[in-house]
Amino acid sequence: MGVLIAFIIILLGIAIALVVYNMNLKKKLQTLDNTNQKVTSLNVLQDFMNTISEQITADEKINRINDILIERYKIKYSTIVIYNGAEYQIKASNVEQKHWDVLKNLQSEKVFIDSIQTATTKYITVNSDNEKLPYLKMEYARAKSAMFFPLYIDNIYIGYWIIEGPEPHEFDNVDTTVLEVVKNNIISVLRTVETQRIINNLVREDLYSGLKNEEYLYSGGRTIIDRYPTSAVCLFKLINLPKINEKVSRKTGNEVISKVCKLIKNNLTDEYVFVRYNGPKFAIVFSGSDVEGVAQFMKDMKIRVETTKVAVREDYRPNIESKRIQYVVPKINVALTTYYKGTALEGVLSKLEEYLDTTDESESEINYL
């Protein structure tokens, strides 16, 4: 009998030891899983930064960010919804489009209203496959767990990010602090992307030159320019344009702009970005070219521009004491410098503009800065 009791005690001891071991092992595995999530988060952050710096459209960046989240965190479904001031729009999602009407109206769902009002994450799930999440209308089997993250920029609600999984309690062990960091990174990306979108929307085509305006340099033009480590930047100024507008006529001045820009544009390749910079100033970025080669080109262009005769237009009304003229000849000043990829292109152009605005109008050299 004593032997049996001793044997039972030994078995109980082994069982207790196994329970303790399993608990410690589970704790270590949970710690390891959380560590892996944190490492993943760092990798995601790096991927986010790389995506922000890529020369792609704002919408492409948001979709790329969503793809990164799905891949890195092994998420089944991820959707980013943004309020544009008039309506909620799905900016990125890997859910079938037939379900988008539900996903872009979650702000109206009772289960998420408190989350939006308090700016807190909401986790909902079911206990069995026979149950459904409260916001799902038709696709009952698609998702059984969801985490809802309201998005705010400067305390202003702008939309939400929702992740979904097909299993009950799928996100029970997810480190929510890591996902909060990811959410904040999404907000940072959206802020950057919105700035890019604003710049894109400011791009216009100038009526008289037929060129895009300065904003194009920092959006679509930058995509071309930054294919190369260095580029030559040229800013030239039609120095007698204000006088032509004032002393001859506005339509004649517009014709000068048109002819000069057409002459130069016809001698540029598609890789070079030519814009109307500001008033009588025009910028050309010779993507991948060196300043010396561009200087010779601009010397030739200067000669051709300054031997171009532009006939006065019908709105020409000379003063009584003025001698009537038949044509005007444009004059330009030119400044050049080098742009290095990754530096401030606007700063480079500002420096050239400052120089041209202070140089003597009789200056006829190609100037290097």
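Accessible areas come from the Shrake-Rupley method with a 1.4 Å probe, and for residues only the protein chains shown count as cover. By that method, the accessible surface of this chain comes to about 20,500 Å², with 53% of it belonging to carbon and sulfur atoms. The structure is a predicted model, in which local features need pLDDT of at least 70 and side-chain atom pairs count only at pLDDT 80 or more, while totals for chains, interfaces and linings use all residues. Residues are numbered from 1 along each chain as its sequence is written, and side-chain values use heavy atoms, leaving out hydrogens and water.

**The chain as a whole**

Let's start with the overall picture. The chain has 10 helices and 13 strands; helices (H or I, at least four residues) and strands (E, at least two) are DSSP runs, numbered from the N terminus. Of its 369 residues, 43% count as buried. Here buried means under 20% relative accessible area, exposed over 50%, and partly exposed in between (1.4 Å probe, protein chains only). A contact means heavy atoms within 4.5 Å. Among contacts between residues at least 6 apart in sequence, 64% join residues at least 24 apart.

**A closer look at helix 9**

Helix 9 (residues 291–305) has 15 residues and reaches 20 Å from its first C-alpha to its last, close to the 21 Å expected at 1.5 Å a residue. That expected span is 1.5 Å times one less than the number of residues. Its buried residues are Val 291, Val 294, Ala 295, Met 298, Met 301, Lys 302 and Val 305. They cover an arc of only 130° around the axis, which puts them on the same side of helix 9; the arc is that of the directions from the helix axis to the C-beta atoms. An α-helix has 3.6 residues a turn, so residues three or four places apart point the same way. On the other side of helix 9, Glu 292 and Ile 303 are exposed.

What do the buried residues of helix 9 pack against? Their partners are strand 7 (230–238), helix 8 (250–265), strand 9 (281–287), strand 12 (332–340) and strand 13 (366–368).

**Two nonpolar cores**

A nonpolar core is a set of buried Ala, Val, Leu, Ile, Met, Phe, Trp, Tyr and Cys residues joined through side-chain atoms within 4.5 Å. The largest one has 33 residues, and those with the most contacts inside it are Phe 236, Ile 264, Phe 274, Ile 284, Met 298 and Leu 336. Strand 7, helix 7 (241–248), helix 8, strand 9, helix 9 and strand 12 each supply at least two residues of this core. A second, separate core of 23 residues includes Tyr 73, Ile 75, Leu 151 and Leu 190.

Leu 133 sits in the loop between strand 3 (122–125) and strand 4 (145–153). Is Leu 133 buried or exposed? Leu 133 is buried, with a relative accessible area of 0%.

Lys 281 belongs to strand 9 and also counts as buried, at 6% relative accessibility.

Most residues other than glycine have a negative phi.

| Residue | Phi | Relative accessibility |
|---|---|---|
| Ala 119 | about 60° | 37%, partly exposed |
| His 169 | about 60° | 33%, partly exposed |

Ala 119 lies in the loop between helix 4 (110–118) and strand 3, and His 169 in the loop between strand 5 (156–165) and helix 5 (176–202).
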